[in-house]
Amino acid sequence: MTIVIGVGNDLRRDDGAGPAVVEALRGRVGAGLAVTDGEPARLVALWADADLAIVVDAVRADPPTPGRVRELDAETAALPTRPVTDHALGLGDAVALGRAVGQMPARLRVIAIEGDDFGFGEGLTPSVAAAVGAVADRLAGALASPGGTALPADDRTGRGDG
Amino acid sequence: MTHRNERTLTVGALARVEGEGALYVRVRGPDVEEVRLDIYEPPRFFEAFLRGRAHTEPPDITARICGICPVAYQMSACQAVEAACGVTVDGALGELRRLLYCGEWIESHALHIYLLHAPDFLGYPGAVELARDHRAAVERGLRLKKAGNALMEFLGGRAIHPVNVRVGGFYRTPAPAELAPLAETLREARADALATVEWAAGFEFPDFDHGHEFLALSADRYPLERGVVRGGTGRVFPAAEFERHVVEEQVPHSTALHARFTDGGRYLTGPLARYSLNRDRLSPLALEAADRAGLGAECRNPFRSILVRAVEVVYAADEALRLIAGYEPPARPAVPVPPREGTGHGVTEAPRGLLYHRYDLGPDGLIRAARIVPPTSQNQAAIEDDLRRFVAARLHLDDEALTRRCEQAIRNYDPCISCSTHFLDLTVERS
């Protein structure tokens, strides 16, 4: 089972990038889709039984390059343990918690989309919206076939521009 | 560090779901001169942008105030709007609302007990470290939380900010057969909840009592989604009189408001108040768990609130099972709530305490004014007072230990700051 989890709040501008990717995937993939707020127990519950979990989240960078996409391998990347916006704990805490209780997916991939505006309100910065579309297209391609879990080889680790 | 004449503990900005805050403690010699817990309250924004909205919108809009207790916001909002429109929602629809609220209690309390508060008692910096040594316990906590989630998702449409609640009832109500799998989950949750009480009863609790009046709802059942407001000294009043008994005031150090009784007294709302004023309304199973845990007729030690929460999870699971067993589908998913000019008030019991809403509607059904008084605002003065006395009795501790204790003491109240367990970054200033 594959699940794509969009983390974020669509009422906090670019923090809604993760949920927007999930919305863009509806009807296009054979994978499970979920949107959540990043609270670790919820994340752990969502991904515990998955063969592959793909978490899409917005991140803040300094200096910002809104719309830049980074792909992280949860096994090797230093994931944030503090929230970028309003998530109670960071994704790193969710991974640590999942590991501590043996509730991790077989594979966990993290797609981080750099945001710019994390203020109140709806709508994504144009460059972030473009990145959302690109990420969704790429995931749709990779996950299109039922049970298809392969991602393009060049996405497997490290960083790549979206 | 008692040789120092003056100590200032300043705790920086806190990243939280519901806002930002800080803790500031100033000590001179043997005296605690000042304790300030600053919490910034997003509900103030909501009051403003509810103005001009339709009377049907508050349940969806105010649910967004909190990712942990959205049902509380929806229930208080519905109750207030319906009161303004002269409509009462009861019977099967009322019971479904109570069932949904049980889900929120289970989820919120499980999160607080296992991931936020228990690490304090067992000497761990956070839930992850706790899980490494106490895996079975944390797994139980996650299972419990998931059960609450499942109930929220089922009735609310989704676990965060449910979308199935509307003024007058629900958009869709379930068929009885759909509830069967949920009942199975809840039976397991009830067993986990009983184990949670037993587990928490083994913790060591600092000796500390608060001296505030309790304030909680009171009804023929353990208070959740309705009731009259009752104080520990005999005051009883309906939701509509809330603002005649409680005032909020600006304090210089905070953008948050402090609530107090109009006659001047501070009060405490939340699990301790609910339990102490309504213990006899618990289900036999929950009451038995409370007895076994050593909770007496009332509980005034905020550190024991973790035990009371655990008992309330037993109650919520038990009550949810009772509601499912007795469920008769309502004739229609919602009753009509035609707008009319007027004012309505709603009070329900969020997991962390009383949540009051008031809406003034115009003849067109649009909201002219909204007022939302969350539990954290109501408890803030009591928390500060408790911290003041708590710190005064522990001045022999070094700054690090004292800060850790203050963090734990703040978590006793489960303020609506869904914070990490490292939420206080301490700076010490000496002079």
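Residues are numbered from 1 along each chain as its sequence is written, while chains are lettered from A and ligands numbered from 1 in the order in which they are written. Because this is a prediction, local features need pLDDT of at least 70 and side-chain atom pairs count only at pLDDT 80 or more, whereas totals for chains, interfaces and linings use all residues; side-chain values use heavy atoms, with hydrogens and water left out.

Let's begin with confidence. The model scores ipTM 0.78 and pTM 0.88. pLDDT is the predictor's confidence in each residue, from 0 to 100. Chain A has a mean pLDDT of 81, with 78% of its residues at 70 or more. In chain A, residues 82-88 stay under 50, and the model gives them 27 contacts beyond four places in sequence, a contact being heavy atoms within 4.5 Å. Residues 147-162 of chain A are also below 50, with 34 contacts beyond near neighbours in sequence. Chain B averages 87, and 89% of its residues score at least 70. Where pLDDT is low, the predicted coordinates should not be read in detail.

Now to the sheet in chain A. Helices (H or I, at least four residues) and strands (E, at least two) are DSSP runs, numbered from the N terminus. Five strands of chain A make an open sheet of mixed pairing, in the order β2-β1-β3-β5-β4; two strands pair if DSSP finds at least two bridges between them. At the edges sit β2 (32-36) and β4 (69-73) of chain A, each pairing on one side only. On average, neighbouring strands are turned by 20° against each other, direction ignored. Within the sheet, β3 (residues 52-59) and β5 (residues 107-114) of chain A pair in the parallel sense over eight bridges, and I54(A) has R109(A) in β5(A) as its bridge partner.

Helix α2 (residues 40-47) of chain A lies across β1 (2-7), β2, β3 and β5 of chain A, at about 160° to β1(A). Axes here are lines fitted to C-alpha atoms, for helices over the stretch in contact, and angles run from 0 to 180 degrees between N-to-C directions. The helix α2(A) also packs against α6 (residues 135-156) of chain B, at about 85° and with the axes 10 Å apart. The two helices are therefore roughly perpendicular (angles under 35 degrees count as roughly parallel, over 145 as roughly antiparallel, 65 to 115 as roughly perpendicular and the rest as oblique). From α2(A), A41(A), R42(A), V44(A) and A45(A) meet L142(B), K145(B), K146(B) and N149(B) of α6(B). This contact has four nonpolar, one polar and three charged residues, where Ala, Val, Leu, Ile, Met, Phe, Trp, Tyr, Cys and Pro count as nonpolar, Asp, Glu, Lys and Arg as charged, and the others, Gly among them, as polar.

Finally, chain B. Helices α3 (residues 70-84) and α4 (residues 91-122) of chain B pack at about 150° with axes 8 Å apart, which makes α3(B) roughly antiparallel to α4(B). Their contact divides into seven nonpolar, no polar and three charged residues.
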